[in-house]
Amino acid sequence: MNTRATGLIRPEILALSAYAVPSSAGFIKLDAMENPYAFPADLKPGLMEHLAAASLNRYPDASAGELREAIRQAMNIPDALEIVLGNGSDEIIQMIAVACAKPGAALLSFEPSFVMFRLIATFCGLDYVGVPLTKDFAIDIVATRAAIEQHQPAVTFIAYPNNPTGNLFDRDAIREIIMLSPGLVVIDEAYFAFSSDSFLDEIANFPNAVLMRTVSKLGLAGLRLGFLAGHPEWIREFDKVRLPYNINNLTQAAAAFALRHYDALLAQAAILCIERSQLLKVLRTIPDITVFPSEANFILLRVPESEKTFKALLSRKILVKHTSASHDLLGNTLRVTIGTPAENAAFVSALRDTI
Ligand code: PMP
């Protein structure tokens with residue numbers, strides 16, 4: 001049928017592929033950085049009570065005041081910072097991009113990094129500038145200085161730790177980027193719960209930097225909740241492009257309750273950090289693979305033939321992310337999320353068989 005869609009849709013959208021989420025039914029799912037542990041059983045009755053009390057017939061609290069306060073308390077957000085919530089931090093990236101998309105404005109990030117920075121820049125009509133990382137996945141500060149000078153980015157996204165490489169960038173390089181930037185710098189701490197470092201205590205010192213986090217990797221991916229903490233002057237503007245009622249009643253109720261039991265969420269993250277060390281240790285004993293260090297709940301590895309290994313893992317019902325094609329620096333790589341000890345053992349055993 002000639003719907004005329006191809007004539008009407010913007011060419012840069014026609015050129016995109018939709019964000020692909022493979023079906024995972026029946027698989028050991030180690031592809032999406034989810035927490036493998038269920039919500040703690042002893043907290044479930046309390047959670048159910050909270051959900052039962054939510055009014056499904058009413059629109060949500062538009063400002064989600066109780067939830068914002070719960071985030072503040074749980075994560076010790078400095079008083080100088082205001083908070084705006086998103087339906088996942090993906091939505092926050094989009095809010096920032098929409099607000100900054102003046103004609104000709106640029107969004108800068110690094111390559112390889114989180115793909116949504118580039119995709120959302122494209123959705124919103126921003127010029128995307130992807131500065132290549134060095135081959136050990138560090139920020140190339142010389143190239144970054146030049147890119148900032150040339151493109152004068154309205155907004156820069158820095159994933160700290162980075163996805164899919166798992167490392168923390170040099171803190172001083174990030175400070176320099178914030179100082180040099182004519183625009184806003186967003187520090188994306190999606191993996192903060194597994195990281196040895198954070199910008200939370202420093203962010204308020206910069207007039208042009210904000211901090212983004214998500215609860216997705218903390219065991220609450222199904223709720224879709226992220227937030228941006230920054231000076232009120234920034235947050236006020238981003239709040240204007242937030243769609244009304246973007247955080248639904250069930251998410252507000254469940255997340256506010258869960259964050260009042262933040263210690264239980266952090267305890268699961270701590271277990272995953274221990275599992276990460278075990279998995280790193282075991283993977284390093286397998287000949288012919290390169291294992292990259294990780295400050296997140298996943299590990300990037302390079303194998304001799306990633307396509308063959310990825311398919312062999314699939315045939316053993318193990319789903320990881322095949323990152324090889326996404327960037328030149330990622331040739332023959334796979335990204336595996338830290339699972340339960342049994343899932344990690346199944347992965348290692350299948351990997352050994354396929355290398
Ligand atoms: N930032 C980074 C660096 C990520 O890796 C992800 C998810 N993979 C996100 C943001 C988005 O997380 P969410 O939308 O689930 O909050």
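Modeller: Happy to! Let's start at Glu 275, which belongs to helix H11, spanning residues 262-283. Please keep in mind that this is a predicted model. Glu 275 is buried but makes no salt bridge; the nearest side chain of opposite charge is that of Arg 276, 11 Å away. For scale, a salt bridge would need a side-chain nitrogen of Lys or Arg within 4 Å of a carboxyl oxygen. So who does touch this residue? Apart from neighbours within four places in sequence, Glu 275 is in contact with Ile 338, Gly 339, Pro 341 and Asn 344.

Helix H11 also leads us to a sheet: H11 lies across E9 and E10, at about 10° to E10. That sheet is open and has four strands, in the order E9-E10-E13-E12, with antiparallel pairing. At its edges stand strand E9 (290-291) and E12; each has a single partner strand, so one side of each is left without a neighbour in the sheet. As a general point, strands of a sheet pair through backbone hydrogen bonds, either parallel or antiparallel.

Five of its five residues are buried, so E13 is largely enclosed by the rest of the structure. Thr 333, Arg 335 and Thr 337 point one way from E13, while Leu 334 and Val 336 point the other way. On one pairing, E13 runs antiparallel to strand E10 (residues 298-302), joined by five bridges, and there Phe 298 stands opposite Thr 337. E12 and E13 are antiparallel as well, with two bridges between them. In that pairing, Lys 321 has Arg 335 as its bridge partner, and His 322 has Leu 334.

Next comes helix H12 (residues 306-315), where Ser 306, Thr 309, Phe 310, Ala 312 and Leu 313 are buried. These residues sit on the same side of H12, because they cover an arc of only 165° around the axis. What covers them includes strand E11 (318-319), strand E12 (321-322), strand E13 (333-337) and helix H13 (341-354). Lys 311 and Ser 315 are exposed, on the face of H12 turned away from the buried side. Just after this helix, Lys 317 has a positive phi of about 65°.

Strand E3 (residues 106-111) pairs with E4 in the parallel sense over six bridges, and Leu 107 stands opposite Tyr 128 in E4.

If you have the view open, I'd go back to the starting point: Glu 275, buried and without a salt bridge, in the helix that lies across E9 and E10.

Conventions:
Residues are numbered from 1 along each chain as its sequence is written. This is a predicted model: local features need pLDDT of at least 70, side-chain atom pairs count only at pLDDT 80 or more; totals for chains, interfaces and linings use all residues. Side-chain values use heavy atoms; hydrogens and water are left out. Buried means under 20% relative accessible area, exposed over 50%, partly exposed in between (1.4 Å probe, protein chains only). Lys and Arg count as positive and Asp and Glu as negative; His and the chain ends are not counted. Contact means heavy atoms within 4.5 Å. The arc is that of the directions from the helix axis to the C-beta atoms. Two strands pair if DSSP finds at least two bridges between them. Axes are lines fitted to C-alpha atoms, for helices over the stretch in contact, and angles run from 0 to 180 degrees between N-to-C directions.
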